[in-house]
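Student: I would like to go through this protein chain one place at a time. Please show me the sequence and the structure to begin with.

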Amino acid sequence: MARSVLAAAARVARWADRALGPGGDSATADGKATLSDATARRAADALGLTVDQVRADWDTARLAGLVEVHGDSARPGWRLRAWDRDDSAVLRGWVALCDAWSLACPEPEDHEPAAVAEVVTAMPQVLSFLQLSAGPVPVPQLLDLLEQRVTELRTERCEVDYGPRPEAPDAPAVAPGPRPAPAADAPLRPLLDWALRALASVGALTYGDGQATLTPLGSWAVWVKLEQICVAAQSPAGNIEQGAEDMLRGCARLRPAAARAEYRAWLAARPVGSAVTELIAAARGEDALLRGLAFEALRVVGAPAEPEVHAALDEPALRPYALLWLAEHDGTDPEDAHEVLTREEATWLWVDTAAAVADHGEAPLLLRHLETAVQPTVPALLAEVRAVGHPRTVQVLVALAAAHPDPAFAKAVRRAAFQVHKGG
């Protein structure tokens with residue numbers, strides 16, 4: 001259903017990608033990838049549409065994130081790139097469109113902006129009622145619910161005036177009280193009609209014959225929103241209000257399933273874009289443990305994290321983690337994902353993981369990590385560890401020498417650590 005609703009928008013977005021992309025020979029006259037009048041006419045001719053249809057589909061593509069506009073230029077969004085292979089990208093695009101329903105249809109011109117904003121704020125409760133009803137609901141019943149919710153919003157905004165007020169000398173003191181809620185400037189029925197038509201235009205509900213019904217897609221979207229609210233309210237370890245770094249530290253001692261639950265709660269409480277940025281920033285820090293945990297949290301994020309994870313390939317400290325993330329995201333079995341790493345990248349990751357174990361684990365765990373090295377012999381391991389130039393190499397080798405029970409092994413590792421320390 002989401003693909004069907006967005007199919008026309010995806011078609012226009014793909015045309016724009018081909019015709020207006022870098023190096024295209026049919027760019028607009030001003031050299032900008034915007035939908036000017038000339039560009040809209042060209043798109044209409046190429047796609048067999050009217051100019052109005054092209055503009056409407058372009059607007060839908062922007063709201064769904066299929067096209068990203070930056071100033072006077074536009075470029076394909078990650079959802080368009082992932083359209084054919086990732087159903088979650090399509091669903092997220094439709095959810096973005098549904099969230100922007102108030103922009104999908106022009107709002108009534110003869111109503112105060114404040115009244116329009118109140119209706120937009122109140123509609124989630126109306127949609128929740130539709131979802132619980134699981135069938136057609138008469139418009140008068142929805143109007144009654146909307147009026148109740150708007151009245152609640154106006155009452156919540158009332159303020160108590162505690163400031164000084166002039167009084168007659170002999171007037172009795174009057175305790176300050178709440179100001180009365182402002183009366184509605186106009187009936188809400190036309191605004192409800194606008195909201196229902198707008199939600200119908202994005203595929204969230206059907207509207208006609210004096211009643212409204214959520215589509216299966218709209219019902220799913222409301223259920224997802226309610227689930228996010230419940231998840232965010234049930235943060236297992238109480239780290240939901242923390243920044244990414246503190247949240248990851250709080251998850252370090254949790255079992256994997258509990259940590260993933262905490263990641264989901266933390267992600268549900270903030271916009272996905274800023275959450276991904278925070279996690280990548282935490283991964284850039286000096287603590288190798290947080291680096292690994294940050295990418296575990298990014299696995300919970302899924303497809304929306306793909307652009308920033310791709311960008312992390314250019315950073316040596318993040319590249320091995322990003323390669324593994326992308327391989328698993330593309331469907332590679334986690335047990336085989338390490339095959340995408342070069343020998344040097346695998347060694348760098350081994351040292352980074354050893355640093356995390358040395359900082360936060362115990363000697364037996366470090367010795368078990370030694371067994372995971374890809375090198376078949378100790379001399380080969382030491383030679384390649386020294387060659388990758390990881391900034392924590394000396395500390396890792398010293399910790400490994402201290403933990404290992406074999407004096408000969410410990411001596412060789414200490415010698416290697418000394419040589420690295422001296423720049424050899």
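**Loops, helices and salt bridges**

Tutor: A134 sits in the loop between helix 7 (113-133) and strand 3 (137-138). Helices (H or I, at least four residues) and strands (E, at least two) are DSSP runs, numbered from the N terminus. This is a predicted model, where local features need pLDDT of at least 70 and side-chain atom pairs count only at pLDDT 80 or more, while totals for chains, interfaces and linings use all residues. Residues are numbered from 1 along each chain as its sequence is written, and side-chain values use heavy atoms, with hydrogens and water left out.

Student: Is A134 buried or exposed?

Tutor: Buried means under 20% relative accessible area, exposed over 50%, and partly exposed in between (1.4 Å probe, protein chains only). The relative accessible area of A134 is 70%, so A134 is exposed.

Student: What is the phi of A134?

Tutor: A134 is a residue other than glycine, yet its phi is positive. The value is near 55°.

Student: Where does D209 lie, and what is its phi?

Tutor: D209 is in the loop between strand 4 (205-208) and strand 5 (211-214). D209 counts as exposed because its relative accessibility is 80%. Although D209 is not a glycine, its phi is positive, at about 55°.

Student: Which residues of helix 2 are buried, and why do they line one face?

Tutor: Helix 2 covers residues 37-47, and its buried residues are T39, A40, A43, A44 and L47. Seen down the axis of helix 2, these buried residues fall within an arc of 135° (the arc of the directions from the helix axis to the C-beta atoms), so they line one face. An α-helix has 3.6 residues a turn, so residues three or four places apart point the same way. The arc asked about is 135°.

Student: Which exposed residues does the face of helix 2 turned away from its buried side carry?

Tutor: That face is turned away from the buried side of helix 2. The exposed residues on it are D45 and A46.

Student: How many salt bridges are there?

Tutor: Side chains of opposite charge can pair when their charged atoms come close. A salt bridge is a side-chain nitrogen of Lys or Arg within 4 Å of a carboxyl oxygen of Asp or Glu. By this rule the count is 18.

Student: How many residues apart are D84 and R14, which form a salt bridge?

Tutor: The closest N and O atoms of D84 and R14 are 3.2 Å apart. The pair links distant parts of the chain, with D84 in the loop between helix 4 (78-81) and helix 5 (87-99) and R14 in helix 1 (residues 2-20). D84 counts as exposed at 66% relative accessibility, and R14 as partly exposed at 28%.

Student: Are D352 and R291 buried or exposed?

Tutor: D352 and R291 form a salt bridge, with their closest N and O atoms 2.8 Å apart. This pair also links distant parts of the chain, since D352 is in helix 17 and R291 in helix 14 (residues 288-301), 61 residues apart. Both D352 and R291 are buried.

Student: Which parts does the salt bridge of E345 and R319 tie together?

Tutor: The side chains of E345 and R319 meet at 2.7 Å, N to O. E345 is buried, with a relative accessible area of 13%, whereas R319 is partly exposed at 31%. E345 lies in helix 17 and R319 in helix 16, so the pair ties together parts 26 residues apart in sequence.

Student: Which residues do salt bridges that share partners join into one network?

Tutor: Here the salt bridges share partners. The residues joined are E245, R249 and D287.

Student: Where is V276, and how far in space is it from A305?

Tutor: V276 is found in helix 13 (residues 272-283). Its relative accessible area is 2%, so V276 is buried. V276 and A305 are 29 residues apart in sequence, and their C-alpha to C-alpha distance is 6.1 Å.

Student: What separates the C-alpha atoms of A412 and P379?

Tutor: A412 has its place in helix 21 (residues 407-421) and counts as partly exposed at 24% relative accessibility. A412 and P379 are 33 residues apart along the chain. Their C-alpha atoms are separated by 8.5 Å.
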